[in-house]
Amino acid sequence: MPKRMSEQSYLVLLALAEEPRHGYGVVQAVLALSDGDVRLGAGTLYGILDRLVAAGQAEASGEVVVDGRLRRYYRLTDAGHEALTAETARLRDLARRAQRVLTAAPRPALGQA
Amino acid sequence: MSARRPVPGAAAGHDHAVPTASPGPTGEPLPSFERSVGRWLHAYPRRWRRTRAVEVTAVLADLAGPTARHLDARTALGLVIAGLVTRWREHPPPRAYLTYRLAGRHPGPAWDGWLRDDVDGRLYPVRLALTEGLVAAVAYPSVERLYLAAGSPGAGTTGPATAAGRTSRPAPAEASEDRA
(Lines give C-alpha, C1' and ligand atoms only; values in the text may rest on other atoms or scores of the structure.)
Protein backbone atom coordinates (compact mmCIF):
# COMPACT_ATOMS: atom_id res chain seq x y z
CA MET A 1 0.00 0.00 0.00
CA PRO A 2 1.57 3.36 -0.96
CA LYS A 3 2.07 6.08 1.60
CA ARG A 4 -1.08 7.47 3.19
CA MET A 5 -2.31 10.58 1.37
CA SER A 6 -1.75 13.76 3.36
CA GLU A 7 -4.57 16.20 3.95
CA GLN A 8 -2.87 18.83 1.82
CA SER A 9 -2.49 16.43 -1.12
CA TYR A 10 -6.11 15.44 -0.72
CA LEU A 11 -7.23 19.07 -0.82
CA VAL A 12 -5.12 19.76 -3.92
CA LEU A 13 -6.65 16.75 -5.69
CA LEU A 14 -10.10 17.98 -4.68
CA ALA A 15 -9.34 21.46 -5.98
CA LEU A 16 -8.28 19.99 -9.33
CA ALA A 17 -11.38 17.79 -9.44
CA GLU A 18 -13.61 20.85 -9.58
CA GLU A 19 -11.86 22.21 -12.68
CA PRO A 20 -8.34 22.54 -14.11
CA ARG A 21 -6.49 25.22 -12.18
CA HIS A 22 -3.21 27.09 -12.15
CA GLY A 23 -1.00 27.39 -9.07
CA TYR A 24 -2.61 30.43 -7.56
CA GLY A 25 -6.06 29.04 -8.32
CA VAL A 26 -5.19 25.85 -6.43
CA VAL A 27 -4.11 27.85 -3.39
CA GLN A 28 -7.37 29.81 -3.40
CA ALA A 29 -9.47 26.69 -3.94
CA VAL A 30 -7.74 24.82 -1.11
CA LEU A 31 -8.35 27.81 1.15
CA ALA A 32 -12.06 27.73 0.31
CA LEU A 33 -12.40 23.94 0.50
CA SER A 34 -10.77 23.84 3.92
CA ASP A 35 -12.95 26.70 5.08
CA GLY A 36 -10.03 29.07 5.57
CA ASP A 37 -7.98 26.52 7.47
CA VAL A 38 -5.20 25.49 5.08
CA ARG A 39 -3.17 28.12 3.27
CA LEU A 40 -0.54 26.53 1.02
CA GLY A 41 2.79 28.25 0.49
CA ALA A 42 4.36 28.11 -2.96
CA GLY A 43 7.04 25.66 -1.84
CA THR A 44 4.54 23.24 -0.33
CA LEU A 45 2.21 23.62 -3.33
CA TYR A 46 4.87 22.74 -5.87
CA GLY A 47 6.15 19.89 -3.75
CA ILE A 48 2.65 18.41 -3.80
CA LEU A 49 2.09 19.12 -7.50
CA ASP A 50 5.41 17.55 -8.45
CA ARG A 51 4.58 14.46 -6.41
CA LEU A 52 1.11 14.18 -7.94
CA VAL A 53 2.43 14.56 -11.48
CA ALA A 54 5.18 12.00 -10.81
CA ALA A 55 2.55 9.58 -9.47
CA GLY A 56 0.37 10.13 -12.55
CA GLN A 57 -2.51 11.60 -10.56
CA ALA A 58 -2.29 15.08 -12.10
CA GLU A 59 -0.89 16.53 -15.29
CA ALA A 60 -0.13 19.90 -16.84
CA SER A 61 -2.95 20.82 -19.17
CA GLY A 62 -1.89 23.98 -20.97
CA GLU A 63 -0.34 27.41 -20.55
CA VAL A 64 -1.89 30.83 -20.96
CA VAL A 65 -0.21 34.21 -20.79
CA VAL A 66 -2.44 36.68 -18.95
CA ASP A 67 -1.26 40.27 -18.44
CA GLY A 68 2.33 39.30 -19.06
CA ARG A 69 2.14 36.49 -16.52
CA LEU A 70 2.50 32.85 -17.46
CA ARG A 71 -0.16 30.58 -16.03
CA ARG A 72 0.32 26.83 -16.33
CA TYR A 73 -2.87 24.88 -15.69
CA TYR A 74 -3.05 21.49 -14.02
CA ARG A 75 -5.82 18.92 -14.18
CA LEU A 76 -6.71 15.61 -12.61
CA THR A 77 -6.00 12.35 -14.44
CA ASP A 78 -8.25 9.30 -14.26
CA ALA A 79 -5.87 7.72 -11.77
CA GLY A 80 -6.06 10.87 -9.67
CA HIS A 81 -9.83 10.79 -9.79
CA GLU A 82 -9.85 7.19 -8.59
CA ALA A 83 -7.43 7.97 -5.77
CA LEU A 84 -9.61 10.90 -4.75
CA THR A 85 -12.85 8.91 -4.63
CA ALA A 86 -11.11 6.08 -2.76
CA GLU A 87 -9.73 8.48 -0.16
CA THR A 88 -13.11 10.21 0.19
CA ALA A 89 -14.78 6.85 0.80
CA ARG A 90 -12.14 5.98 3.38
CA LEU A 91 -12.68 9.26 5.23
CA ARG A 92 -16.44 8.87 5.08
CA ASP A 93 -16.29 5.35 6.54
CA LEU A 94 -13.90 6.54 9.22
CA ALA A 95 -16.23 9.42 10.16
CA ARG A 96 -19.16 7.01 10.30
CA ARG A 97 -17.31 4.60 12.60
CA ALA A 98 -16.16 7.50 14.76
CA GLN A 99 -19.71 8.79 15.04
CA ARG A 100 -20.85 5.33 16.14
CA VAL A 101 -18.17 5.23 18.80
CA LEU A 102 -19.02 8.69 20.08
CA THR A 103 -22.76 8.07 20.31
CA ALA A 104 -22.31 4.66 21.97
CA ALA A 105 -19.77 5.77 24.59
CA PRO A 106 -21.16 6.65 28.08
CA ARG A 107 -21.30 10.42 28.26
CA PRO A 108 -19.29 12.19 30.98
CA ALA A 109 -21.45 13.85 33.66
CA LEU A 110 -22.69 17.27 32.54
CA GLY A 111 -22.04 20.34 34.66
CA GLN A 112 -18.35 19.63 35.22
CA ALA A 113 -16.59 22.84 34.25
CA MET B 1 4.83 26.23 4.28
CA SER B 2 1.17 26.21 5.15
CA ALA B 3 -0.30 28.09 8.08
CA ARG B 4 -3.21 26.73 10.03
CA ARG B 5 -4.77 30.16 10.30
CA PRO B 6 -5.57 32.87 7.75
CA VAL B 7 -2.53 35.03 7.11
CA PRO B 8 -2.87 38.69 8.11
CA GLY B 9 -2.54 41.35 5.39
CA ALA B 10 0.73 41.29 3.46
CA ALA B 11 2.71 44.28 2.17
CA ALA B 12 1.03 47.66 1.93
CA GLY B 13 -2.41 46.75 3.20
CA HIS B 14 -3.22 44.00 0.71
CA ASP B 15 -5.68 41.82 2.60
CA HIS B 16 -5.40 38.02 2.19
CA ALA B 17 -7.50 37.13 5.20
CA VAL B 18 -10.70 36.71 3.17
CA PRO B 19 -10.70 33.69 0.85
CA THR B 20 -11.45 34.90 -2.65
CA ALA B 21 -12.07 32.93 -5.81
CA SER B 22 -10.93 35.70 -8.13
CA PRO B 23 -7.63 35.44 -10.01
CA GLY B 24 -4.59 37.04 -8.47
CA PRO B 25 -3.66 40.69 -8.83
CA THR B 26 -2.81 41.56 -12.43
CA GLY B 27 0.10 43.57 -13.73
CA GLU B 28 3.84 43.00 -13.77
CA PRO B 29 5.58 42.27 -10.49
CA LEU B 30 8.34 44.68 -9.49
CA PRO B 31 11.77 43.80 -10.94
CA SER B 32 13.28 43.73 -7.45
CA PHE B 33 10.68 41.12 -6.52
CA GLU B 34 11.55 38.96 -9.52
CA ARG B 35 15.26 39.23 -8.69
CA SER B 36 14.56 38.27 -5.10
CA VAL B 37 12.55 35.24 -6.23
CA GLY B 38 15.30 34.23 -8.66
CA ARG B 39 17.83 34.22 -5.85
CA TRP B 40 15.71 32.04 -3.55
CA LEU B 41 14.86 29.62 -6.36
CA HIS B 42 18.51 28.56 -6.47
CA ALA B 43 17.58 26.08 -3.76
CA TYR B 44 15.96 24.07 -6.56
CA PRO B 45 18.02 22.04 -9.04
CA ARG B 46 19.04 23.81 -12.27
CA ARG B 47 16.91 21.66 -14.58
CA TRP B 48 13.86 22.28 -12.38
CA ARG B 49 14.46 26.02 -12.51
CA ARG B 50 14.80 25.97 -16.27
CA THR B 51 11.32 24.52 -16.76
CA ARG B 52 9.37 25.90 -13.78
CA ALA B 53 10.92 29.23 -12.72
CA VAL B 54 8.64 31.45 -14.80
CA GLU B 55 5.49 29.71 -13.62
CA VAL B 56 6.53 29.72 -9.96
CA THR B 57 7.52 33.39 -10.11
CA ALA B 58 4.06 34.22 -11.42
CA VAL B 59 2.37 32.30 -8.58
CA LEU B 60 4.61 33.92 -5.98
CA ALA B 61 3.83 37.35 -7.43
CA ASP B 62 0.10 36.57 -7.21
CA LEU B 63 0.44 35.47 -3.60
CA ALA B 64 2.55 38.44 -2.55
CA GLY B 65 0.52 41.19 -4.17
CA PRO B 66 1.45 43.89 -6.72
CA THR B 67 3.42 46.09 -4.30
CA ALA B 68 5.79 43.46 -2.87
CA ARG B 69 9.41 44.51 -3.36
CA HIS B 70 10.96 41.24 -2.23
CA LEU B 71 9.94 37.80 -1.05
CA ASP B 72 8.93 37.63 2.60
CA ALA B 73 10.94 35.48 5.00
CA ARG B 74 8.32 32.81 5.61
CA THR B 75 7.68 32.11 1.92
CA ALA B 76 11.42 32.19 1.22
CA LEU B 77 12.03 29.60 3.92
CA GLY B 78 9.28 27.40 2.51
CA LEU B 79 10.85 27.68 -0.96
CA VAL B 80 14.31 26.78 0.30
CA ILE B 81 13.03 23.74 2.17
CA ALA B 82 10.96 22.57 -0.81
CA GLY B 83 13.94 23.16 -3.11
CA LEU B 84 16.26 21.10 -0.94
CA VAL B 85 13.65 18.33 -0.74
CA THR B 86 13.44 18.35 -4.55
CA ARG B 87 17.23 18.10 -4.79
CA TRP B 88 17.19 15.22 -2.31
CA ARG B 89 14.46 13.38 -4.25
CA GLU B 90 16.36 13.64 -7.53
CA HIS B 91 19.75 12.67 -6.13
CA PRO B 92 20.98 9.13 -6.89
CA PRO B 93 21.24 6.72 -3.93
CA PRO B 94 24.57 6.46 -2.05
CA ARG B 95 26.00 3.45 -3.89
CA ALA B 96 25.14 4.68 -7.38
CA TYR B 97 26.51 8.08 -6.41
CA LEU B 98 29.80 6.73 -5.08
CA THR B 99 30.42 4.41 -8.04
CA TYR B 100 29.76 7.37 -10.31
CA ARG B 101 31.91 9.85 -8.41
CA LEU B 102 34.86 7.57 -7.78
CA ALA B 103 34.74 5.08 -10.63
CA GLY B 104 32.92 7.02 -13.34
CA ARG B 105 30.08 4.52 -13.70
CA HIS B 106 26.78 5.86 -15.05
CA PRO B 107 24.26 5.87 -12.16
CA GLY B 108 21.36 4.74 -14.35
CA PRO B 109 18.80 6.30 -16.74
CA ALA B 110 16.57 7.47 -13.89
CA TRP B 111 19.26 9.95 -12.82
CA ASP B 112 20.01 11.33 -16.26
CA GLY B 113 18.76 14.80 -15.41
CA TRP B 114 20.85 14.93 -12.24
CA LEU B 115 23.88 13.70 -14.17
CA ARG B 116 23.50 16.37 -16.82
CA ASP B 117 23.29 19.09 -14.19
CA ASP B 118 26.35 17.67 -12.48
CA VAL B 119 28.45 17.64 -15.65
CA ASP B 120 27.22 21.06 -16.80
CA GLY B 121 27.50 22.64 -13.38
CA ARG B 122 29.76 25.57 -12.58
CA LEU B 123 31.42 23.66 -9.76
CA TYR B 124 31.98 20.49 -11.79
CA PRO B 125 35.75 21.11 -12.17
CA VAL B 126 35.93 21.52 -8.40
CA ARG B 127 34.08 18.25 -7.85
CA LEU B 128 36.37 16.52 -10.34
CA ALA B 129 39.48 17.95 -8.72
CA LEU B 130 38.32 16.91 -5.26
CA THR B 131 37.57 13.33 -6.26
CA GLU B 132 40.71 13.00 -8.37
CA GLY B 133 42.69 14.40 -5.48
CA LEU B 134 41.03 12.02 -3.06
CA VAL B 135 41.65 8.99 -5.24
CA ALA B 136 45.22 10.05 -5.92
CA ALA B 137 45.91 10.71 -2.25
CA VAL B 138 44.57 7.31 -1.28
CA ALA B 139 45.65 5.15 -4.21
CA TYR B 140 48.99 6.57 -5.28
CA PRO B 141 51.00 5.90 -2.11
CA SER B 142 49.60 2.35 -1.94
CA VAL B 143 50.37 1.58 -5.58
CA GLU B 144 53.78 3.20 -5.29
CA ARG B 145 54.51 1.09 -2.24
CA LEU B 146 53.58 -2.07 -4.15
CA TYR B 147 55.83 -1.17 -7.06
CA LEU B 148 58.73 -0.27 -4.82
CA ALA B 149 58.32 -3.53 -2.89
CA ALA B 150 58.30 -5.45 -6.19
CA GLY B 151 61.40 -3.54 -7.32
CA SER B 152 59.74 -2.17 -10.49
CA PRO B 153 61.46 0.87 -12.08
CA GLY B 154 58.15 2.21 -13.54
CA ALA B 155 56.61 3.43 -10.29
CA GLY B 156 56.33 7.03 -11.53
CA THR B 157 54.08 6.18 -14.51
CA THR B 158 51.10 4.97 -12.54
CA GLY B 159 49.91 8.50 -11.70
CA PRO B 160 49.24 9.80 -15.25
CA ALA B 161 47.85 6.43 -16.33
CA THR B 162 45.28 6.51 -13.53
CA ALA B 163 44.30 10.10 -14.34
CA ALA B 164 43.91 9.31 -18.05
CA GLY B 165 41.57 6.45 -17.23
CA ARG B 166 39.27 8.87 -15.41
CA THR B 167 39.02 11.69 -17.91
CA SER B 168 36.19 10.11 -19.93
CA ARG B 169 32.93 11.00 -18.21
CA PRO B 170 29.66 9.18 -18.83
CA ALA B 171 27.35 11.21 -21.08
CA PRO B 172 23.65 11.28 -20.17
CA ALA B 173 21.18 10.09 -22.81
CA GLU B 174 20.05 12.80 -25.21
CA ALA B 175 16.44 12.14 -24.30
CA SER B 176 16.99 13.74 -20.92
CA GLU B 177 16.92 17.15 -22.62
CA ASP B 178 13.22 16.78 -23.37
CA ARG B 179 12.18 15.47 -20.00
CA ALA B 180 10.13 18.00 -18.09
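Reply: We may begin with one residue. Leaving aside neighbours within four places in sequence, Tyr46(A) is in contact (heavy atoms within 4.5 Å) with Gly23(A), Tyr74(A), Trp48(B), Arg52(B), Glu55(B), Val56(B) and Val59(B). This is a predicted model, in which local features need pLDDT of at least 70 and side-chain atom pairs count only at pLDDT 80 or more, whereas totals for chains, interfaces and linings use all residues. Residues are numbered from 1 along each chain as its sequence is written, chains are lettered from A and ligands numbered from 1 in the order in which they are written, and side-chain values use heavy atoms, with hydrogens and water left out.

Me: Is Arg52(B) buried or exposed, and which residues does Arg52(B) touch?

Reply: Buried means under 20% relative accessible area, exposed over 50%, and partly exposed in between (1.4 Å probe, protein chains only). Arg52(B) therefore counts as buried, at 12% relative accessibility. The residue belongs to helix H2 (residues 46-64) of chain B; helices (H or I, at least four residues) and strands (E, at least two) are DSSP runs, numbered from the N terminus. Not counting residues up to four places away in sequence, Arg52(B) touches Tyr46(A), Asp50(A), Arg72(A) and Tyr74(A).

Me: Which residues of the largest nonpolar core touch the most other members?

Reply: A nonpolar core is a set of buried Ala, Val, Leu, Ile, Met, Phe, Trp, Tyr and Cys residues joined through side-chain atoms within 4.5 Å. The largest one has 39 residues, and those touching the most other members are Val12(A), Val30(A), Leu40(A), Leu45(A), Tyr46(A), Phe33(B) and Leu60(B). H2(B) gives the most to this core, with seven residues.

Me: How many salt bridges does the structure hold, and which residues are linked in a network of them?

Reply: Side chains of opposite charge can pair when their charged atoms come close. A salt bridge is a side-chain nitrogen of Lys or Arg within 4 Å of a carboxyl oxygen of Asp or Glu. Over all chains, the structure holds 17 salt bridges. A network of them links Asp50(A), Glu63(A), Arg72(A), Arg52(B) and Glu55(B).

Me: Which parts of the chain does the pair of Asp117(B) and Arg47(B) tie together?

Reply: The closest N and O atoms of this salt bridge, between Asp117(B) and Arg47(B), are 2.6 Å apart. Asp117(B) lies in helix H5 (residues 112-120) of chain B and Arg47(B) in helix H2 of chain B, so the pair ties together parts 70 residues apart in sequence. Asp117(B) is buried at a relative accessible area of 8%, and Arg47(B) counts as buried at 18%.
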